[in-house]
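Here's a quick tour for anyone meeting this protein for the first time. Have a look at the model, then read on.

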Amino acid sequence: MAQESPKNSAAEIPVTSNGQLEDSHEHSFNRDLKRSLPAGLGLAETKITSHGFDSTKEGVVEAGPFPGSSASPKSSVISPSSAAASRLAGQGCDLIIPTGGRAQQKSGPVVLADEVKNPAMEKLELVRKWSLNTYKCTRQIISEKLGRGSRTVDLELEAQIDILRDNKKKYENILKLAQTLSTQLFQMVHTQRQLGDAFADLSLKSLELHEEFGYNAETQKLLAKNGETLLGAINFFIASVNTLVNKTIEDTLLTVKQYESARIEYDAYRTDLEELNLGPRDANTLPKIEQSQQLFQVHKEKYDKMRNDVSIKLKFLEENKVKVLHNQLVLFHNAIAAYFAGNQKQLEQTLKQFHIKLKTPGADAPSWLEEQ
């Protein structure tokens, strides 16, 4: 043909061994190539074949046998550099390396960097999974309330959880009544202290009733002092029971809620798997069954783990509850009995036994010197 195609004109661009364009003349390239070829192989028998962008070959050096020599033909390949690899990857071409008499091997495209993940797509996938899981769990809850769905029940564990919730309500009632008693006792002590001050003032101003007012003043002050001691014991009892109810038991019930959520998810995916197993098995349903089996196994492991955690926490909670309540009930009984018996020494001994320190009225308030 008289006119060459653009493909041939592009193939005549000389390429160096590092994949960059050659700025010198053609004879410089031939001289460098001749130095790099092995002995017995001439430049005349070496030709460079380069096809267009639509071909699968680029930068391939083919070497033929040297005339007059009986040696086997040798091949010389110029490996492209990183710049050439970038150009090959941009063109979407594959690199073919001829190897003597063996078949040519074709490798995949050159990958220079990992594919950047799209954060928006990841968030969308997370929202999709969450929506699907929420739908399944909601359907399972509604089915259980309507009596249509089945649920997994651990009878022993469920009984322990019910007892714990019932005890928590009773402990909260005791805590509320103890707080009411503490408030009323505080008001009574405050009133007795004021009454004792009033009696003491009258004993100084009424000479004819000095002794009578004095006796009543000392009695009211003693009652106020014993009331403060009892108030300290009751407040210590309230603080310990409050920690037990609102922290220790509440933490266990939080684990119970997580266990119940895991149980609902487990039953939801179990129901899906059972429905798929009852249906036909063909090329379309087998992948769904396999995926459902994997999800069921994941949620089963989560359910078993949460059930084990709840069992352990219930065991430790029972031991801690017995120990704490035993000490607090003994304290409450001894303090109340000593107070109403008028045994001040026994009341003070009870507080020392449980290492309770009473706060002196006004001790927390700073002095007038510290305020300056």
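How far apart do the end C-alpha atoms of residues 154–181 lie? They lie 41 Å apart, and the span is 96% helix and 0% strand. Before going further, a word on ground rules: this is a predicted model, where local features need pLDDT of at least 70, side-chain atom pairs count only at pLDDT 80 or more, and totals for chains, interfaces and linings use all residues. Residues are numbered from 1 along each chain as its sequence is written, and side-chain values use heavy atoms, with hydrogens and water left out.

Residues 154–181 turn up in an unreviewed UniProt entry, whose annotation "coiled-coil region" covers them along with residues 289–320. UniProt positions are given in the numbering used here, feature names are shortened, and such annotations may be inferred rather than shown by experiment. Here are the two spans:

| Span | End C-alpha distance | Helix and strand |
|---|---|---|
| Residues 154–181 | 41 Å | 96% helix, 0% strand |
| Residues 289–320 | 46 Å | 100% helix, 0% strand |

Zooming out, the protein has nine helices and four strands. Helices (H or I, at least four residues) and strands (E, at least two) are DSSP runs, numbered from the N terminus. Of the 372 residues, 27% are buried (buried is under 20% relative accessible area, exposed over 50%, partly exposed in between, with a 1.4 Å probe and protein chains only).

Now for a helix pair. The axes of H5 (residues 155–205) and H7 (residues 285–341) come within 12 Å and cross at roughly 25°; axes are lines fitted to C-alpha atoms, for helices over the stretch in contact, and angles run from 0 to 180 degrees between N-to-C directions. That makes H5 roughly parallel to H7 (angles under 35 degrees count as roughly parallel). Residues of H5 in the contact include Leu 164 and Tyr 171, while those of H7 include Leu 314 and Leu 317; contact means heavy atoms within 4.5 Å.

Thr 252 is buried, with a relative accessible area of 4%, and touches Leu 164, Lys 313, Leu 314 and Leu 317, not counting residues up to four places away in sequence. Asn 242, at 27% relative accessibility, counts as partly exposed. Leaving out residues up to four places away in sequence, Asn 242 touches Leu 175 and Lys 247. Asn 242 and Tyr 171 are 71 residues apart in sequence, yet 8.8 Å apart in space, C-alpha to C-alpha.

Technical notes: Angles under 35 degrees count as roughly parallel, over 145 as roughly antiparallel, 65 to 115 as roughly perpendicular and the rest as oblique.
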